[in-house]
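Me: Please walk me through this model by question and answer, with the cut-offs stated as each term comes up.

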Amino acid sequence: MEKTFTRILVIKMRFHGDMLLTTPVISTLKRNYPDAKIDMLLYQDTIPIISENPEINALYGISNKGTAATAKIANFYGLVKTLRANQYDLIVNLTDQWMIAVLVRLLNANVKISQDFAHRQSAFWKKSFTHLAPFQGEHCVLRNLSALAPLGLTQTCQETSMPYAPEHWERMRQQLDAFDVGDNYVVIQPTARQPFKCWDNDKFAQVIDSLQQRGYQVVLTSGPGAEDLACVEDIAAQCASRPVTGLAGKTRFPELGALIDHAVLFIGVDSAPGHIAAAVKTPVICLFGATDHVFWRPWTEDIIQFWAGNYQAMPPRSQLDRNKKYMSVIPAADVIAATEKMLPSGEAL
């Protein structure tokens with residue numbers, strides 16, 4: 001195996017949280033090849049969540065689902081032209097989309113590594129890479145890092161990261177000041193892309209009431225969509241004293257990272273903000289329903305995790321009802337007890 005690489009391309013096309021779970025791969029490569037320029041190919045709309053990472057030289061976005069076919073084709077060929085000009089000597093592929101095999105074949109890197117996906121066993125896929133790395137590890141971070149096995153690296157980094165610029169925190173601090181929020185605040189993001197990843201609004205309201213009665217201020221965050229904002233409003237309306245909702249749907253990812261970084265606690269469901277909290281080393285309380293709570297848990301030891309399967313049997317993925325809130329079986333009292341454990345009485349004073 002070649003000992004030195006000067007230009008590296010890492011490919012990962014998944015959702016926002018997945019991008020943060022890929023950052024240990026970037027850090028490991030940078031640690032072993034400090035002079036290398038490391039680029040990343042990902043979906044266009046996931047670029048913001050790692051846009052401030054200083055270990056990444058350049059981010060290249062592939063068109064997302066829903067983009068018109070002609071625009072997708074133009075985007076693909078434009079990327080091929082740009083990536084070929086970069087003259088990569090190492091490609092690390094962490095994604096299973098079939099088009100990647102085509103793209104990789106059009107790049108002239110000497111070493112092309114891909115994870116060995118069980119459903120990508122065709123001769124065309126296999127021959128598109130010089131090395132296929134078997135999966136290892138129970139968590140996504142460890143699975144991602146296992147792709148680097150063919151390189152025989154001795155130094156690895158297993159920490160996720162979510163850098164942001166000073167101005168991102170300055171803007172958040174100004175916003176918090178405008179809402180009369182001090183330093184002892186808790187960020188709660190109750191929303192997720194799909195209902196089966198959500199908890200009951202009234203239970204979130206009970207947790208918020210408990211926190212605020214103990215002197216902690218609660219800041220509710222969410223995506224900008226109408227359903228997310230309606231969820232936040234419904235929770236706030238059920239609270240004895242309204243939490244701060246003015247930032248919901250209004251924070252870009254680097255700003256959200258700064259906001260969560262300075263919080264005393266983050267509470268959320270199985271979605272990207274939980275991974276942000278882990279990356280910025282804020283204590284986490286996370287709720288999981290009928291999803292893999294081992295593989296996808298926020299990558300931190302400073303966490304209390306609830307899994308609906310500990311209260312009631314969860315269905316296999318093939319029988320999952322995506323419109324059901326499986327986490328409804330988790331009592332609000334248990335989550336409140338977790339907040340009391342992570343934020344002892346008197347800490348807010």
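Reply: Buried means under 20% relative accessible area, exposed means over 50%, and partly exposed lies in between, computed with a 1.4 Å probe on protein chains only. This is a predicted model, in which local features need pLDDT of at least 70 and side-chain atom pairs count only at pLDDT 80 or more, while totals for chains, interfaces and linings use all residues. Residues are numbered from 1 along each chain as its sequence is written, and side-chain values use heavy atoms, with hydrogens and water left out.

Me: Is T160 buried or exposed?
Reply: T160 is found in the loop between helix 5 (140-145) and helix 6 (166-178), where helices (H or I, at least four residues) and strands (E, at least two) are DSSP runs numbered from the N terminus. Taking contact as heavy atoms within 4.5 Å, and not counting residues up to four places away in sequence, T160 touches L20, L21, T23, P24, V141, A278, A279, K281 and W299. Because its relative accessible area is 8%, T160 is buried.

Me: Which residues does I8 contact, leaving aside its neighbours within four places in sequence?
Reply: I8 is one of the residues of the largest core that touch the most other members. With those sequence neighbours left aside, the contacts of I8 are L29, Y33, A36, K37, I38, D39, Y88 and L90.

Me: What is the angle between the planes of F5 and Y33?
Reply: Rings of Phe, Tyr and Trp (its six-membered ring) pair if their centres lie within 6.5 Å, and planes under 30 degrees apart count as stacked, over 60 as edge-to-face and the rest as tilted. A search of the whole structure finds seven aromatic pairs, and F5 and Y33 form an edge-to-face pair at 5.2 Å centre to centre. F5 lies in the segment before strand 1 (7-11) and Y33 in the loop between helix 1 and strand 2 (37-43), so the pair ties together parts that are 28 residues apart in sequence. Both residues are buried, and the angle between their planes is 85°.

Me: Is Y77 buried or exposed?
Reply: F76 and Y77 form an aromatic pair that is edge-to-face, with 5.8 Å centre to centre and 90° between the planes. F76 has a relative accessible area of 14% and is therefore buried. Y77, by contrast, has 56% relative accessibility, so Y77 counts as exposed.

Me: How far is the charged end of R193 from the centre of the ring of F15?
Reply: A charge sits over a ring if NZ of Lys or CZ of Arg is within 6 Å of the ring centre and within 35 degrees of the ring normal. The charged end of R105 sits over the ring of F124, 4.1 Å from its centre. The charged end of R193 sits over the ring of F15, and its distance from the ring centre is 4.0 Å.

Me: What arc do the buried residues of helix 6 cover around the axis?
Reply: The buried residues of helix 6 are H168, W169, M172, R173 and L176, and they pack against strand 7 (185-189), strand 8 (217-220) and helix 9 (253-261). The face turned away from that buried side carries the exposed residues P166, Q174 and A178.

Me: What is the phi of Q87?
Reply: Q87 lies in the loop between helix 2 and strand 4 (90-93), and at 64% relative accessibility it counts as exposed. Most residues other than glycine have a negative phi. Q87 is not a glycine, yet its phi is positive, at about 55°.

Note on methods: A nonpolar core is a set of buried Ala, Val, Leu, Ile, Met, Phe, Trp, Tyr and Cys residues joined through side-chain atoms within 4.5 Å.
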